[in-house]
Amino acid sequence: MKKLEFESTTQEIQRKTLFRNGMVVVTTLIGSGFASGQETMQYFTAYGTKGLMGILLAMLGFAVVTAILLKFGQKFKEKIANEVYDYFFGRYLGAFTKFYIPFFAFMVGVVMISGAGATMNEYFKIPTWMGTIIMAACVLVATFFGLHRLVTITSRVTPITIGFCLFVVLYTFASGDFNFHGVDSILENSSHVHYAVGQDTRWWWLSAINYVGVNYVCGIPFFFALGKYNNSQKEAKYSGLMGGILLMITAGLINIALLGHTELVLSSEIPMLALANRISFWAGGMFALIMLEEIFSTSASLVWSVTDALTRRKTSQKRERLTMIAVVLAILVGGQFPFGKLVNLFYPFTGWLGVVLCFAIIGHGAYDWWLSKSKYTMQDKVQDDAQSN
């Protein structure tokens with residue numbers, strides 16, 4: 001691997017760029033699992049009031065790791081964009097991570113298809129198995145004909161998803177129809193609770209750490225590349241900090257809304273849809289459509305990623321399309337399992353790999369900070385010696 005070259009250390013900050021890149025961080029990390037409320041439910045709400053401390057811990061983790069990634073991306077520009085795993089994690093762990101990513105992408109695709117079936121069943125009363133087939137067929141058509149632009153356009157629904165989630169949460173707060181009394185007791189005595197980590201509320205802190213990790217396994221190269229769109233390392237750092245904080249503020253609001261309706265959301269595969277349905281039939285329908293659009297755009301891109309990893313673009317178009325069909329069929333079979341259980345099974349396991357990666361990133365960031373301070377100290381010493389002589 002080529003030696004990295006140090007880039008400009010200018011400290012210019014433009015608020016427009018800062019806000020834009022901060023929002024890109026949020027929209028990248030928010031997917032259908034987040035918007036459904038299922039991730040928040042298992043990683044934070046399940047731990048009751050202790051989950052609020054988990055939100056703060058995860059906020060710190062997201063802010064620090066993203067800030068470091070964007071800062072390094074701005075510092076080294078595009079020089080290691082395709083080798084970021086090897087750079088941060090070494091030859092062997094980097095190679096394993098690159099091998100594992102397509103497998104994890106496949107598992108996320110399974111979760112997405114299952115989520116589509118759960119959404120259609122919960123609102124439109126379509127049988128879950130039929131809902132998964134409908135979504136799988138739509139994804140196959142999009143990927144089979146190479147509709148990259150369609151996937152790009154549909155992915156722009158994410159800001160709408162964020163806005164509607166906040167609308168549902170704020171409306172829930174404004175209605176005043178929520179109750180936090182005895183919420184910890186309800187959760188501890190319920191058989192419907194899925195803890196992301198551990199079997200009781202004592203593990204809230206480990207769950208928060210795991211949640212940070214699972215979100216970075218596939219996103220590290222993207223955030224590194226995002227850093228080059230900042231004007232300075234300082235701007236990149238603050239973009240990452242703002243993105244991490246805004247993400248967990250959104251998760252915190254969702255968590256509070258779910259805590260206030262614990263008995264309702266425990267029995268729902270799509271907790272946020274259950275809250276939207278309380279507002280009105282039309283609000284529930286709009287949220288269901290937004291969720292399906294999120295699932296479609298995410299699933300289509302994942303199928304492309306897995307197919308590309310299997311074929312390495314060194315095959316005929318016919319074989320590539322047959323691979324796509326096989327991938328979609330395999331995802332469809334896996335998608336017949338319950339959405340909540342799939343999230344509970346796949347995400348925590350991957351989260352531990354992500355935790356290791358995050359600690360490696362933080363280690364690089366700490367070393368870079370120490371090195372910069374050491375350089376400044378040496379420069380000051382040289383200047384002092386020159387002045388004394």
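Reader: Where do the numbers and values come from?
Author: This is a predicted model: local features need pLDDT of at least 70, side-chain atom pairs count only at pLDDT 80 or more, and totals for chains, interfaces and linings use all residues. Residues are numbered from 1 along each chain as its sequence is written, and side-chain values use heavy atoms, leaving out hydrogens and water.

Reader: Back to lysine 125. Is it buried or exposed?
Author: Lysine 125 is exposed, with a relative accessible area of 64%. Buried means under 20%, exposed over 50%, partly exposed in between (1.4 Å probe, protein chains only).

Reader: What about the phi of lysine 125?
Author: Positive, about 60°, although lysine 125 is not a glycine. Most residues other than glycine have a negative phi.

Reader: New topic. At what angle do α6 and α16 pack?
Author: About 160°, with their axes 10 Å apart. Axes are lines fitted to C-alpha atoms over the stretch in contact, and angles run from 0 to 180 degrees between N-to-C directions.

Reader: So how are α6 and α16 oriented to each other?
Author: Roughly antiparallel, a label for angles over 145 degrees.

Reader: Last one. Where is isoleucine 362?
Author: Isoleucine 362 lies in helix α17. Isoleucine 362 is partly exposed, with a relative accessible area of 32%.

How values were computed: Helix = DSSP H or I, 4+ residues; strand = E, 2+ residues; numbered from the N terminus. Parallel < 35°, antiparallel > 145°, perpendicular 65-115°, else oblique.
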